[in-house]
Amino acid sequence: PATQSGKTVQNITIRNVTVQDVFGKYQFADTSRGKETGGISLFIYRPSGQYSNTEYVRAKFKDVIIEDCIVRRVTRCGIFINASFLAVHPEKHIVHPVDGYPVTGLKIRRNIIEDCAGDGVIVRFAKDALVERNRAKNNHSGDEGPQGVEGPQYVGHGVALWCRSSSGTVFQYNHVYGTKGIKDGTAFDSDMASYGTIFQYNYSHNNEGGFMLLMRSNQQYPGTIIRYNISQNDGSSANRTFHFSTYPQDVQYDAAAYIYNNTFYIKDTQFTSANPATRIAISNNTSYKTKFYSNIFVQDNDVAVINRSTNFAVWQYNHFENFSSLPGGPANIGNTTGASDLSSPGDGPVSLTTIGTRTSTGAIDAGLDVYKITSNASTSNIYKKGFFMEGNGGKDFYGLPVSSDSSDLPNKGA
């Protein structure tokens, strides 16, 4: 823990440590202390009697590495950052803390995080944190309770890998699967006051609540970038791949995100054309601040609709295979239908030979080749038919170059 204002805890490495069977607190709410218990934590703490109840502890962490660890069967969180209630400024809606983010130089990599009752990894109060090459499996495994019901016996909401009240967090090369439940039950989350967050080169599958949750954030600062990811069979229980939440209602900003060059395979066996599911996105926003560019969406049953309200986002140059409806509106151009020219969508591996999606040398699990494009013909809907993005990261999911020349259009998909 960090306990004193003006003091920095720094140069800590936690490596090859196994933490398991920790029985902490379940409950979701910040005031319940549930998110203060679990496996490995950086914790900013207000010692009793040393500070008033309204005084913030200006302690900091610098250059902390958590790598090659195993965290399993813990309640509530796996690897996480938190602070005793109001020990740090409650900047859930504030762009920058008064004297900078308390956590810098954080790296969480090559860890196995599984069967956590609540969340797998939570990054809070951090600047430029890196979360990479982790395996997050079967998290949010506790009893979430009925919708609208909270209590100490329920774990409530939870996500495998997510950040909040942070700037510049990068999640990459992670393998996330089996996240349970619909509160939230997603693989990833860019939560409140998460600025400039990037999710890239990740592989997720069979997460019951979906691929991604995006909470409201400040539209005047860098939004979330989601690119070069592969999602397979996410959202089977929650009827969604993305969830754009309007909570909290007192923040009058919509979640701004650029979602481009991802591949989504959606298997829907529970619904019929008479009762179609909301499969790509659930959102009540109407701001057009979310942009979907150059993604591939493959659905195997031809029954899914796009979203509850198509006017919350711009959809351009995406490809939809086996969808019964497409996004409408004058801004939605260049979208195509038909065969996706992917090798074998839906046949992605359940397990990988690596911890994340890459080895330390950058080699990729061969099982993920099923999402490669098989055609470079001019008649393809995918090959060189994408939307050019500046600052596109320079390479795709498979490590192939993506041009910085606007005349050299990218492929669609990851």
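Across the whole of this predicted model, a search identifies 19 aromatic pairs. One of them joins Phe264 and Phe297, whose rings are stacked, with 5.0 Å between the centres and 10° between the planes. This pair links distant parts of the chain, since Phe264 belongs to strand β27 (residues 263-266) and Phe297 to strand β30 (residues 296-299), the two residues being 33 residues apart. Phe264 has a relative accessibility of 1% and therefore counts as buried, and Phe297, with a relative accessible area of 0%, is buried too. Both residues are members of one aromatic cluster, which also includes Phe171, Phe188, Phe199, Phe211, Phe242, Phe292, Trp315 and Phe320.

Aromatic rings also take part in contacts with charged side chains. The charged end of Arg358 is placed over the ring of Phe397, at 5.0 Å from the ring centre, while Lys395 lies over the face of Tyr201, 5.6 Å from the centre of that ring.

Strand β14 (residues 161-164) was examined for its side-chain directions and its pairing partners. In a regular strand, side chains alternate between the two faces of the sheet. In β14, Leu161 and Cys163 point one way, whereas Trp162 and Arg164 point the other way, and all of these residues are buried. Strand β10 (residues 121-124) pairs with β14 in the parallel sense over four bridges, and within this pairing Val123 stands opposite Cys163. β14 also pairs in the parallel sense with strand β18 (residues 186-190), here over three bridges, and the bridge partner of Trp162 in β18 is Asp189.

Terms used:
Residues numbered from 1 in each chain as written. Predicted model: local features only at pLDDT ≥ 70, side-chain atom pairs only at ≥ 80, totals over all residues. Heavy atoms only, no water. Buried < 20%, exposed > 50% of the residue type's maximum accessible area, 1.4 Å probe, protein only. Pairing = 2+ DSSP bridges. Phe/Tyr/Trp six-rings, centres within 6.5 Å; stacked < 30°, edge-to-face > 60°. Lys NZ or Arg CZ within 6 Å of the ring centre and 35° of its normal.
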